[in-house]
Structures are given as C-alpha cells and as structure tokens.
Amino acid sequence: MTVIAKPRKIVASRARKPAAMAEAATPANVEPMGRDVLVPLDKLFVGEANVRKVHHEEGLIELAALIEAQGLLQRLSVVAHPEGRFAVVAGGRRLRAMQILVANGRWQASQPIECKLYDEDQAVQVSLAENSGRESMHPADQMEAFKRLIDEGLTAAQVAGRFGVSPLTVERRLKLARLAPRFLDLYRADEIEPEQLQALALIDEHAAQEAVWDGLSVYDRSAWRIRSVITSEACCADSRLARFVGLDHYEAKGGTVRRDLFSSADDLSGIFLDNPELLQTLAMEKLRGMAASIKEEGWSWVECSLDTDTTAFRGYGRVDMEQREPSAEEAQVIEALSAEQRACADAYDRHQDEGDPDANDFDRVEQELAEALEAVDRKLEEVNEDRWHWGAERLAIAGAILRIDTRGGVLVERGLVRPEDRKAENQAGSMDDEGQPRDEASSPTRVKAEFSEKLMRDLTSHRTAAIQAALVQNPRVALVTLVHRMAETVFGLYGSGDDIVKVSLRLMGDSALAQEASEYSESPAATVLGVAEAEWDDRLPGTPAALFQWLLAQSHETLLELLAYCTARSINAVASRPRGRNHSDALVEALGVDMADWWLPTKRRYLDSVSKSKALEAVKEAIGGEPAQATIGMKKGDLVAYCAAKLEGTRWLPSPLRAANPDDEDPAGATRDASEE
C-alpha cells in the first residue's frame with residue numbers, strides 16, 4: 001500500500017490477525033474520504049453502482065497473468081456492504097481476472113486485495129471517473145516495451161508468461177519492433193497499416209525495408225504489393241518443386257528460407273525459399289535418381305522434366321501394354337477359375353429362373369450367389385492383370401518421362417514414342433498415321449462398316465440431342481461441363497474426344513498482354529493474375545479425365561471461382577483505334593473498376609509515347625493551371641521527368657482508360673438502318 005489513513009493500526013492488524021483484515025473497513029469505520037484497506041478476495045463482488053455494464057471476455061486471461069506476475073498495480077474502488085462484504089464500483093475487470101487465478105488454483109480465495117474504500121453516496125461518481133478518459137496503449141508502444149524487456153535479458157517465453165500471451169505473439173511483436181524506426185513512427189501517426197508492417201518485416205535490414213517502401217508509389221503500397229516485391233525472386237514452400245524436394249532437404253543443402261511470422265504455422269505459403277536455382281537443381285537430382293529405376297524396366301530412353309507445360313508431349317506417340325500368353329500354371333488357374341465362374345453364373349441364373357421370389361430365403365440366396373460370382377470374377381481379373389506387360393519390341397522403341405505434378409508428386413509417363421521414332425514404328429505396322437496403336441487382333445483387310453454414313457449421322461444426332469436435353473435438366477453437370485471445357489483450354493489439358501462440347505475460348509494470357517502492355521510484369525493486375533494462376537495450377541489434376549472427376553467433387557463455390565478465373569482469361573478488350581461504348585465498359589461498371597488503382601502514368605507507360613504538348617496537357621488536367629515557364633524549351637527527356645513527378649499521386653488517366661459515357665455509341669454504328677439488314 002502507498003497511502004494509508006492510519007498506517008500503524010492497519011499494518012499491525014495485518015501482522016496480528018490476517019483473518020480480521022476487513023474489520024478495519026467496516027461501515028462504522030468509514031471516513032468521509034476514500035482510504036486504503038485490505039479486503040479478502042472472496043469478500044468482493046461487482047456492485048450495482050459500477051457504471052460499466054458491457055463486459056468483454058477478451059484479454060481476461062492476459063490480465064490475470066499480468067496481475068499474477070506484477071501484482072495489482074491499481075487498487076479496486078469499493079463501498080462497504082453488510083456482513084463484511086464489499087461492492088466493487090471501479091475495477092470489475094480486474095476482479096474477474098483475479099477470480100480466474102483463484103479458479104485455476106493460482107491464488108487463495110482469501111488473498112488480500114488492496115482497495116480504496118468510499119462512502120456509498122460517492123460510488124457512482126467514483127466509478128464514472130475511473131472508467132472515463134481512458135486511452136489504451138498504442139500497439140507500437142507495446143512492441144517497443146517488449147523489445148526493451150528482451151534487451152534487458154528476459155526470454156520470449158518469460159515475457160509471454162508474465163503478460164499472458166503466447167511466445168509466438170511475443171516473437172511477432174518483436175519482429176515489428178525491430179523495423180526501421182521510421183515505420184513505427186508512421187504507425188503511431190496512422191499512416192501505415194499493420195498488414196503493411198507485417199509485409200515489410202519479411203526483410204531484416206532497415207535500409208532494404210526503406211528502399212522497398214520508397215520504391216513504390218504512394219498508391220501502390222498495399223501489403224500484397226510489398227510482399228510481392230520482396231518475394232518476387234523467391235519460391236513459395238507450397239509450390240510443387242518445394243513439396244517434391246522437401247523443405248528440410250533444401251535447407252540441409254544450404255538453401256536459405258524466409259518465414260512470415262504472421263502466417264499460420266501450417267501455412268506453407270508463408271515460407272519463401274530464396275534460392276530457386278538450388279531448388280530446381282535438387283528437384284532434377286531427385287528425379288534423375290528415380291529415373292534410374294525406371295530405366296531398369298528396359299525402356300530405350302528415360303527423360304526428366306520440370307516443365308509444367310504438357311504441350312511439348314503432344315508430338316509423342318504412345319504404345320500400349322500387351323498381354324502375354326499364360327504360363328502352364330497360370331493356364332490351369334485360369335481354366336479352374338473360368339469353370340468356377342460358369343458354375344456360379346449358372347447357379348445364379350437357375351435361381352432367378354426357378355426360384356420362388358416369395359420364399360423367405362430367396363433374397364438371401366440371391367445375395368450369396370451374387371457375392372460368390374463377384375469373388376471369382378475378381379480372382380480371374382487379378383490373374384489376367386498380372387499378364388499385362390511391356391513387350392520387348394515396345395520397350396525397344398518407346399521410353400518414359402518423369403515429371404512433377406501440381407502437388408509435388410511424381411508422374412511417370414510410360415510408353416511414349418519420340419516423333420523421330422514414330423515413322424519407323426508406323427512402318428513396323430503397330431501404329432497408325434496419327435501415332436495411335438493399331439488393334440493387333442484386327443484383320444489388316446478393310447471391313448465393311450456396319451452402318452452407312454447417313455445412318456450413323458442420323459443416330460448420333462439423336463444421341464447428341466438426348467445428351468443436350470439431359471444436360472438442360474441438370475444445371476450442375478452443365479456448369480461442370482462448361483468449366484471443364486474452359487479449364488482445358490486455359491491450362492492446356494487436351495485429350496482425345498474432349499472437343500464434343502463446342503464451347504471455344506481464346507486465351508488472352510500473360511504473354512499476349514505483355515507484348516502490348518508496357519511494364520506489364522510490374523503491374524498490380526499481373527500480380528493478381530499470377531497468384532491466381534499459381535494457386536489453380538497447384539490445385540488442378542494434370543489430365544482431362546482426372547480434371548472432370550475432380551470438378552464433380554467440388555463445391556458450387558469452387559466451380560464458380562474457377563469459372564470466374566477461366567472467363568477472366570478470355571477477356572480481350574484491346575483496341576487499335578478509339579471506340580465507342582462496348583461490353584468492356586459494362587464489365588468495368590459491374591466490377592467497379594477504377595483504372596487509377598491499376599495504372600500509373602509513368603515514363604514508359606505513357607509519357608515516352610506522347611508528344612511534349614500532350615504530356616504537358618496531362619499535367620494541366622491533373623493539377624490545373626498552366627505549366628511552369630521553365631518547361632519552355634525543355635528537351636524531351638527532361639520534360640518527361642518533370643511531368644512524371646507532377647503526375648505522381650494525382651490518379652490522372654488518359655481518355656481510353658476513363659469511364660465511358662453511357663450515351664456514347666459505337667463509331668462503327670451500333671444500330672443499323674433497316675435497309676442494311
């Protein structure tokens with residue numbers, strides 16, 4: 001206690017009789033002004049006069065830990081009640097935190113608590129006074145306070161225990177406290193967001209942090225933009241190569257890692273590998289090690305590929321496995337199983353034909369016979385499955401490619417025939433002109449078609465109509481079909497016969513955009529699209545058949561998200577001359593796109609490509625007034641630099657990027673005279 005009305009009496013009572021602590025504060029002893037008293041914790045309760053009625057549970061555990069470690073730094077304000085109890089009129093949150101300590105066995109219920117006792121008629125004004133005018137500590141101040149404690153010799157675990165937070169929370173706050181002081185000052189002034197601080201914390205050096213910040217435009221300093229700049233040359237630990245190689249193996253080989261403390265512990269996307277060249281080397285070494293065992297299967301060649309683009313494999317032909325003749329032992333097993341299969345089938349048929357469906361055991365017997373037939377079928381399939389193999393002739397002309405799938409697993413493409421080897425294979429007669437295996441059991445002579453071409457078209461047209469009608473009645477499968485077809489095109493997944501859905505999509509990808517848009521790779525849009533492409537590339541299976549099955553299992557939301565991405569990649573609003581209003585404007589309005597968020601009038605993006613007068617016109621539109629007299633006679637390079645500085649931060653846009661007037665018409669004629677129809 002610091003200020004005590006009658007120190008000798010109270011101290012003596014504490015030393016002499018702890019159980020009577022509250023007696024010094026009975027109503028009979030209350031003085032006109034508040035005075036310090038000690039009250040057992042179990043004699044305290046939140047009084048009606050306490051003006052704070054809204055209570056929050058958040059942070060109570062932390063507060064309890066603080067009180068346990070530091071003691072009660074601020075007394076409770078109380079008024080006396082009958083039977084030796086005291087109502088807390090200010091400090092109810094502290095009281096609840098101490099009650100948690102009792103409940104957890106950390107304190108005794110009789111723990112003496114320092115309080116300040118007031119008259120009952122003072123209760124409301126005391127409660128209001130203490131609960132008014134409070135200001136929480138700014139997070140930046142807490143960060144620096146934690147850092148001072150660590151610098152003084154405490155461990156992160158000790159700080160965490162004393163302040164009721166996790167060690168990870170301490171580490172995160174320390175990480176931010178170690179940022180360049182400039183950024184903490186900006187944080188205190190509300191000029192930078194916590195997410196931006198977290199992104200900058202991916203760099204340890206203060207100079208590098210400031211270089212990233214200063215290198216970005218004022219309007220281009222979002223957390224995702226900062227993070228993308230810092231990690232532009234790194235590889236995410238969630239990537240297929242990182243999963244394949246393994247983070248531990250990469251680090252054991254000397255690879256450096258940058259971890260985002262602010263991502264969850266199991267989020268690999270928050271770990272960045274700073275040596276992508278080493279990662280690729282390790283991945284190829286691991287693939288080549290696996291390739292050695294594949295080569296032992298007898299293939300004429302085995303290759304390894306880290307490429308995700310499967311278009312390179314389209315020029316390869318394929319050979320299929322063949323079934324060898326059974327050995328004498330296998331033939332006996334097959335003959336016995338075939339006889340058993342016929343017997344089971346005959347028994348099942350007899351039961352169906354001769355059995356009494358009304359008999360009590362009809363269904364049971366039918367089930368037993370069906371299970372017996374299925375069992376012998378499986379055994380026969382297993383024996384025949386073992387006979388499939390790659391024959392010596394096919395091994396001699398074909399090979400295998402090992403590549404890494406989107407989840408970091410290994411795919412082995414066996415039976416591939418190189419383009420240069422396909423001619424020899426065709427001459428050998430085992431493949432047709434399209435590089436597909438011939439049916440070796442078929443006769444080389446031309447067989448007359450079972451149906452005429454006219455009838456085949458008639459029949460398959462009916463089949464097409466039936467498929468269409470069924471699809472109309474099943475919107476979900478229709479959606480899957482559309483997304484599947486679009487995703488095939490966007491991700492380059494093509495398979496034989498997959499073009500029955502006549503939906504075409506012309507991909508407007510990064511390479512096409514980069515040819516037209518200056519500094520495209522540095523734009524916010526390129527970053528957003530790149531992240532989306534990487535995420536989907538990791539999620540989607542690598543073959544058309546697997547993709548369709550995967551899509552069927554997805555939620556409606558996932559299908560719509562993929563549909564949105566594929567649709568977005570089909571948009572092409574590039575124009576070679578001024579235009580009137582078209583559908584791209586409707587999309588812009590529907591999406592709420594403001595091009596000032598996505599484009600800046602930099603030297604390369606605009607000013608180098610226009611005349612000096614046009615550059616000055618932009619400055620005049622952006623900031624108003626006539627350009628400075630000093631611009632007269634400036635060389636183009638100096639004028640461009642001047643205009644770029646003036647335009648920075650103005651959000652000025654040239655007319656092709658501005659919102660279109662709804663009344664504008666297509667200059668080519670959105671409407672036509674009836675005589676033109």
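A search through the whole structure, which is a predicted model, turns up five aromatic pairs; rings of Phe, Tyr and Trp (the six-membered ring for Trp) pair if their centres lie within 6.5 Å, and planes under 30 degrees apart count as stacked, over 60 as edge-to-face and the rest as tilted. Take Phe183 and Trp213: their ring centres sit 5.8 Å apart and their planes meet at 80 degrees, so this pair is edge-to-face. The two residues come from distant parts of the chain, with Phe183 in helix H8 (residues 181-188) and Trp213 in helix H10 (residues 206-214), 30 residues apart. Helices here are DSSP runs of H or I with at least four residues, strands are runs of E with at least two, and both are numbered from the N terminus. Phe183 is buried at a relative accessible area of 0%, and Trp213 is buried too, at 5%; buried means under 20% relative accessible area, exposed over 50%, and partly exposed in between, using a 1.4 Å probe and protein chains only.

Trp301 and Tyr316 make a tilted pair, 6.0 Å from centre to centre with 45 degrees between the planes. Since Trp301 belongs to strand E9 (residues 301-305) and Tyr316 to the loop between E9 and strand E10 (317-318), the pair ties together parts 15 residues apart in sequence. Trp301 counts as buried at 6% relative accessibility, and so does Tyr316 at 19%. Elsewhere, ring pairs join Trp599, Tyr606 and Trp652 into a cluster.

On to helix packing. Helix H5 (residues 139-151) packs against helix H6 (residues 156-163) at about 130 degrees, with the axes 9 Å apart. Axes are lines fitted to C-alpha atoms, for helices over the stretch in contact, and angles run from 0 to 180 degrees between N-to-C directions. H5 and H6 are therefore oblique to each other: under 35 degrees counts as roughly parallel, over 145 as roughly antiparallel, 65 to 115 as roughly perpendicular and the rest as oblique. Phe146, Leu149 and Ile150 of H5 meet Ala156, Val159 and Phe163 of H6, contact meaning heavy atoms within 4.5 Å.

Zooming out, the protein has 27 helices and 14 strands, and 33% of its 677 residues are buried.

As for bookkeeping, residues are numbered from 1 along each chain as its sequence is written, and side-chain values use heavy atoms, leaving out hydrogens and water. Local features need pLDDT of at least 70 and side-chain atom pairs count only at pLDDT 80 or more, while totals for chains, interfaces and linings use all residues.
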